[in-house]
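This report describes one protein model, shown below, and considers selected residues together with the sheet and the nonpolar cores.

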Amino acid sequence: MATHVAATAAKRLIPLFDRVLIQKAEAMTKTKGGIVIPEKAQAKVLRGTVVAVGPGARNQKGEHVPLSVKVGDQVLLPEYGGTKVELDENNEFHLFRESDILAKLES
């Protein structure tokens, strides 16, 4: 269901140029044994799913240079950066330039 909500939100926001809309993975709030992890002790979330992509930056001829990520890709993100975007009450997204994304993760 979360994927459906993300897809609906992505239809309302289309990134420009080489920007990528990412939904970060949720932080672990419990250990496998059921112990609740306090918010301050939770590790920063550095993974996310690409929800929408722009057409790409333009080269000197004015042509779009396609992005190397596509919707659905799992990516590794920098610890800081990106612009927080709230499209509705329960979903928070981040807008990154393609060059800020560190890596694509294989499934």
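## D73 and its surroundings

In this predicted model, a polar atom of the D73 side chain lies 2.9 Å from the backbone nitrogen of K70. D73 belongs to the loop between β2 (47-53) and β3 (74-76). Its relative accessible area is 11%, so D73 counts as buried, the cut-off being under 20%. Leaving aside neighbours within four places in sequence, D73 is in contact with G48, T49, V50, S68 and K104.

E63 is also placed in the loop between β2 and β3. With a relative accessible area of 44%, E63 is partly exposed. When residues up to four places away in sequence are not counted, E63 touches A57 and R58.

## Overall architecture

The protein chain contains 1 helix and 6 strands. Read from the N terminus, the elements follow the order α-β-β-β-β-β-β. Of the 107 residues in the protein chain, 29% count as buried. The accessible surface of the protein chain is about 7,800 Å², and carbon and sulfur atoms account for 54% of this surface. Among contacts in the protein chain with a separation of 6 or more, 63% are between residues 24 or more positions apart.

## The sheet

The 6 strands form an open sheet with antiparallel pairing, in the order β4-β5-β1-β2-β3-β6. From one strand to the next, the twist averages 45°.

Strand β5 (residues 91-97) is joined to β1 by 4 bridges, and the two run antiparallel. The pair β4 and β5, likewise antiparallel, is joined by 5 bridges. Of the 7 residues of β5, 5 are buried, so this strand is largely enclosed by the rest of the structure. The following table lists bridge partners in this strand.

| Residue | Bridge partner in β5 |
|---|---|
| R19 | R97 |
| L21 | L95 |
| V85 | F93 |

## Nonpolar cores

In soluble globular proteins, nonpolar side chains tend to be buried together. Which residues make up the largest nonpolar core? This core has 9 residues in all: V20, I22, V50, L67, V69, V75, L77, F96 and I101. Another core, of 7 residues, lies apart from it, and includes V51, A52, V85 and F93.

I22, one of the residues of the largest core, is in contact with G48, T49, V50, V51, V75, L77, F93, H94, F96 and I101, its neighbours within four places in sequence being left aside. These contacts include V51 and F93, which are among the residues of the other core. F93 is also the bridge partner of V85, and V85 is itself among the residues of that core.

## The loop residue F17

F17 lies in the loop between α1 (2-12) and β1 (19-24). Is F17 buried, partly exposed or exposed? Its relative accessibility is 41%, so F17 counts as partly exposed. The phi angle of F17 is near 50°, a positive value in a residue other than glycine. Most residues other than glycine have a negative phi.

How values were computed:
Residues are numbered from 1 along each chain as its sequence is written. This is a predicted model: local features need pLDDT of at least 70, side-chain atom pairs count only at pLDDT 80 or more; totals for chains, interfaces and linings use all residues. Side-chain values use heavy atoms; hydrogens and water are left out. Buried means under 20% relative accessible area, exposed over 50%, partly exposed in between (1.4 Å probe, protein chains only). Two strands pair if DSSP finds at least two bridges between them. Axes are lines fitted to C-alpha atoms, for helices over the stretch in contact, and angles run from 0 to 180 degrees between N-to-C directions. A nonpolar core is a set of buried Ala, Val, Leu, Ile, Met, Phe, Trp, Tyr and Cys residues joined through side-chain atoms within 4.5 Å. Contact means heavy atoms within 4.5 Å. A polar contact is a pair of N or O atoms within 3.5 Å; within protein, one must be able to donate a hydrogen and the other to accept it, and residues adjacent in sequence count only if both atoms are side-chain atoms. Accessible areas come from the Shrake-Rupley method with a 1.4 Å probe; for residues, only the protein chains shown count as cover.
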